[in-house]
Amino acid sequence: MRLATAILAVLLLAGCSGPSAYQRVFKKPEQHNSRTYPASLDTCWLAVNRAALSLNFGIDKEEKEKGLMEATRHFQEGKKTTTLVLKASLQPESSTSTTVYANAIEKRERVYVRTHQRISFFIIPVPWGDRGKEASRVTEGEKTVEDKKFYEAFFEAVGRELYELEKARVEGS
């Protein structure tokens, strides 16, 4: 009887745990982090870079031959810093069609300042260790941006840049 109860308890507890990370990878989430454009890889590459710059991101890494770009934007409030890292991968579908995949990660950091102590010997201050302050940056958290509006705004900016590039190409012809 005890053995049956123990086995039942183990089975019930095993069923309570959520799905593993690898199981969540293959779920069919709403696909809002990719968009296909009727433009060549080179034109899309330029449009993605210009869109990131127009949204005040700084370009950190560019690997045009691999179709990879990474950009960051920092937001600071007092001692807290939030960094948004945008990664884009461009995959050509044909000579006139390119799919842009975007992924953003939000990182939160805080700066902690430590003041070195001094002790007094009667009325004369004596330094204890190094004098001054020491600052350290600690990562508080990191999460993937899943907000559909964020990706829509980014892809709209890419679309505007593609329109401007096409307009300039037609006017130059």
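Is E77 buried or exposed? The views below come from a predicted model, in which local features need pLDDT of at least 70 and side-chain atom pairs count only at pLDDT 80 or more, while totals for chains, interfaces and linings use all residues. Residues are numbered from 1 along each chain as its sequence is written, and side-chain values use heavy atoms, with hydrogens and water left out.

**View 1. E77 in strand 3.** E77 lies in strand 3, residues 68-77 (strands are DSSP runs of E with at least two residues, helices runs of H or I with at least four, both numbered from the N terminus). E77 counts as exposed because its relative accessibility is 66% (exposed means over 50% relative accessible area, buried under 20%, partly exposed in between, with a 1.4 Å probe and protein chains only). The C-alpha atoms of E77 and R110, which are 33 residues apart along the chain, are separated by 9.7 Å.

**View 2. E161 in helix 4.** E161 belongs to helix 4, residues 148-172, and is buried, with a relative accessible area of 14%. Its side chain makes a polar contact with the side chain of R50 at 2.9 Å (a pair of N or O atoms within 3.5 Å; within protein, one must be able to donate a hydrogen and the other to accept it, and residues adjacent in sequence count only if both atoms are side-chain atoms). Apart from neighbours within four places in sequence, E161 is in contact with A47, R50, A51 and S54 (heavy atoms within 4.5 Å).

**View 3. Helix 3 against helix 4.** The contact between these helices involves residues including T43, L46 and R50 of helix 3 and F154, E161 and L165 of helix 4.
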